[in-house]
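Subject: Structure handover

Hi,

Here is the structure for your work. My notes follow below it.

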Amino acid sequence: MKQIIITLAIVFVAFSLQAQNAKEEYIKNKNKEKRQYADSLKQSYDEFRRQANEQYAQFMRERWESFQAVKGDPKPELPEPPQPFKFDGDKPIPELPNPIPYKPIPTPAPDPIQPIKRPDVPQPSQVPNMNKFTFTCFGTPCEVQLDNSLRFKLKDISENSVADAWLELSTEYIDLLLADCLDLREEMVLGDWGYYCLLRDLTDAFLGKGTDEATLMQVYLLVQSGYKVRIGHKNGHIVTLLAFDGTVYEQSGVRIEGERFCIIGNNDSGKIYLFNRKFSDNERVMSLRMTSPPKFAFIPNKSRTYTSRRYPDMTVTFSTNQNLTDFYNGYPYCDWTYYAWAGLSDEVKEKLYPMLRKSIEGESQIGAANRIINFVQTAFEYKTDQNQFGCERPLFGDETFFYPYSDCEDRAILFSILIRDLLGLDVVLLHYPDHLATAVHYTEKLGGDCFEFEGKTYYVSDPTYMDAFVGFCMPQYKNATPVVYKL
């Protein structure tokens, strides 16, 4: 019996080993099949990309079309806005509703931002000894895989030279670079314009600041990222042309089939030669809309203290980020809504919001709004853009805490951000001929100056009407008709 048990045990072990070996062989074969399938997909993708870029470069060799560049629209010059008007009442809530007798002129709501997605294809194989390249984007260290073989020199800016360089860039090495750039775009919350700045700083560092080679490489990376971009040459240099989702002021451009392309960094008119062909049917315009500010390394500006006049407990001292200030200082000049959509940086929120939340704790919705609006009305010194900058210059929320002065549009933008973030209420901007204010849809009952918009009642809440409570419109605007900007 003992011998039988031993024999059975040996048979069982042998069978188990055989089964284990069979399983391992099966797994090995399946993994091999997966690798072969992935390799075939990658090979198909590489072949597709290679053919697409070869065909694109072939078209690039044809004579480029001549266009007449037109100067961009000038910045909107508003009439001199009124100085802050002093509220002479003492009641925080008007006794009776006082609908304003006009219908505001609405503007269309923005289209949703279409995200840039990494192509759903196998990643390029890791190349042995791949070079790491470091550069900075607004003071923030960045690192990418960038092989020295991608350095190139244009013979000239003729069609054939540009096409030859395009093919030089069309390797798996640049696919690795593109993947790293898209990762940085997400990690740094760059948005579309921030992503362009990242590619600009990268290529300037790699190929020389402002060189034709750097510009061409920017265009290549933007094209491969899916943006609606065109390349041209003007006054003897390669230029980048981008289509945006809104009006960009003081940027020259051309109209192609009814769509405006801006010549980046240029506002001169004159002849431009343009390679007018899209790379794919899925190209998308560059959005100037940011859902939050980019995340750059923090370099503190000089700290400042901000205090509400009516509510002295609302006081806070902090510094803003110089790197973010530099980024905003070069942002394309666009309409006010883009500044309001961007919100505040995490650094500002971490210092400002605990104080504001503590101050409005236990208050009604209207009471909280009255505290917030007085903070915006009185914590900042007033000066018009013309007097501070010599031109129109709306401020992003963080910039209002950096520059020594702010005016009506800056306060309206900041107030709209605070009301949305802290109270979760709908806000619109009200554009009068010489003034920008806000109106809020309060869910609590309130009397005051109000109007109907998209089925909701909005109450004028003006952060430049000094010491005024919410629900009060400046007297000189009670019979005016503003344009409503939906946020």
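Two residues are in contact when they have heavy atoms within 4.5 Å. On that basis, among contacts in the chain between residues at least 6 apart in sequence, 70% join residues at least 24 apart. Please note that this is a predicted model.

Overall figures: the chain has 487 residues, and 52% of them count as buried. There are twelve helices and 21 strands. The accessible surface is about 23400 Å². Carbon and sulfur atoms account for 51% of that surface.

Next, a hairpin. Strands β5 and β6 form it, with two residues between them. Phe138 sits in the turn and has a positive phi of about 50 degrees. The two strands run antiparallel and are joined by six bridges. Strand β5 covers residues 132-137, and its side chains alternate. Phe133, Phe135 and Cys137 point to one face and are buried. Phe133 has Val144 in β6 as its bridge partner.

Then there is Asn266. This residue lies in the loop between β10 (259-263) and β11 (270-275). Is Asn266 buried or exposed? Its relative accessible area is 17%, and buried means under 20%, so Asn266 is buried. Beyond its neighbours within four places in sequence, Asn266 contacts Lys234, Gln251 and Ser252. Lys234 is 32 residues away along the chain, with 10.0 Å between the two C-alpha atoms. The Asn266 side chain also reaches the backbone nitrogen of Asp268, at 2.7 Å.

Best wishes

How values were computed:
Residues are numbered from 1 along each chain as its sequence is written. This is a predicted model: local features need pLDDT of at least 70, side-chain atom pairs count only at pLDDT 80 or more; totals for chains, interfaces and linings use all residues. Side-chain values use heavy atoms; hydrogens and water are left out. Buried means under 20% relative accessible area, exposed over 50%, partly exposed in between (1.4 Å probe, protein chains only). Helices (H or I, at least four residues) and strands (E, at least two) are DSSP runs, numbered from the N terminus. Two strands pair if DSSP finds at least two bridges between them. A polar contact is a pair of N or O atoms within 3.5 Å; within protein, one must be able to donate a hydrogen and the other to accept it, and residues adjacent in sequence count only if both atoms are side-chain atoms. Accessible areas come from the Shrake-Rupley method with a 1.4 Å probe; for residues, only the protein chains shown count as cover.
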